[in-house]
Amino acid sequence: MKPSYSIFIFNLLLLQYLSPLCLAQDFDFFYFVQQWPGAYCNSKQQRCCYPKTGRPSADFGIHGLWPNYKDGSYPSNCNSNSAFDRTQISEALSSMQKDWPSLSCPSSDGLRFWSHEWEKHGTCSESELDQKEYFEAAIRLKEKANLLKLLYDAGIEANDEFYSLESIREAIQKGVGYTPGIQCNKDSGGHSQLYQVYLCVDTSGSEFIKCPVLPRGKCSSSIQFPKF
């Protein structure tokens, strides 16, 4: 084998090995997304099934911690060799069952949901967080941003009443320090309701920051905060 050809093969193999790692390093910030179970379960868009551990508490649950680019796009499925490993969440399992429940059908223990979140999103942040650190970071962020309390302190409760979108946004901004992104869905009657809250986080997964770009949420000026 000629030396030049050997170098070419070596470089090709090296590129194949390093490409998932390069992809994993390429992001600008995280979206930390929490969802309101009352809106998930009161929507015509999807069915709702409680986890095998039982009905979740009436609190916002984690949807995910998603690496993002400043232009609004995002990387995904960055490393097919980095599969979800349930042993990595053993210490945080009880917290994840409480704070990161799956409401999709059929009813599950959450592993399928967490596996999806890791493989689609978490693998794209491996330059900063390994699998254990990734899930633990999300749990800590949930503790730092107690959305239900922030809204309650502003007189906004999950009581099927309608509140101005601006008042919800301001209540969260006052408590966290930064403007959130708000996503709504519609109930069976077509009413716009509070569904998900997006907060931006630095690449270390530890500190909230001003969002470089906010997701486009289709919400009415007055939205319902449904009971759960």
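A contact, in these legends, is a pair of heavy atoms within 4.5 Å. The model is predicted: local features need pLDDT of at least 70 and side-chain atom pairs pLDDT 80 or more, while totals for chains, interfaces and linings use all residues. Residues are numbered from 1 along each chain as its sequence is written, and side-chain values use heavy atoms, without hydrogens and water.

**View 1. Contacts across the chain.** Take the contacts between residues at least 6 apart in sequence: 76% of them join residues at least 24 apart.

**View 2. The order of the elements.** Here you can trace seven helices and seven strands, which are DSSP runs numbered from the N terminus (helices H or I, at least four residues; strands E, at least two). From the N terminus, the order is α-β-α-β-α-α-α-α-β-α-β-β-β-β.

**View 3. Inside and surface.** Of the 228 residues, 44% are buried, meaning under 20% relative accessible area with a 1.4 Å probe, protein chains only. The chain exposes about 11,900 Å², and carbon and sulfur atoms supply 50% of that area, computed by the Shrake-Rupley method with a 1.4 Å probe.

**View 4. Where α4 meets α5.** Helix α4 (residues 111-120) packs on helix α5 (residues 131-144) at about 110 degrees, with axes 11 Å apart; axes are lines fitted to C-alpha atoms over the stretch in contact, and angles run from 0 to 180 degrees between N-to-C directions. The two helices are therefore roughly perpendicular, a term for angles of 65 to 115 degrees. Look for Trp-114, Glu-117 and Trp-118 on α4, and Gln-131, Tyr-134 and Phe-135 on α5, which make the contact.

How values were computed: Buried means under 20% relative accessible area, exposed over 50%, partly exposed in between (1.4 Å probe, protein chains only). Angles under 35 degrees count as roughly parallel, over 145 as roughly antiparallel, 65 to 115 as roughly perpendicular and the rest as oblique.
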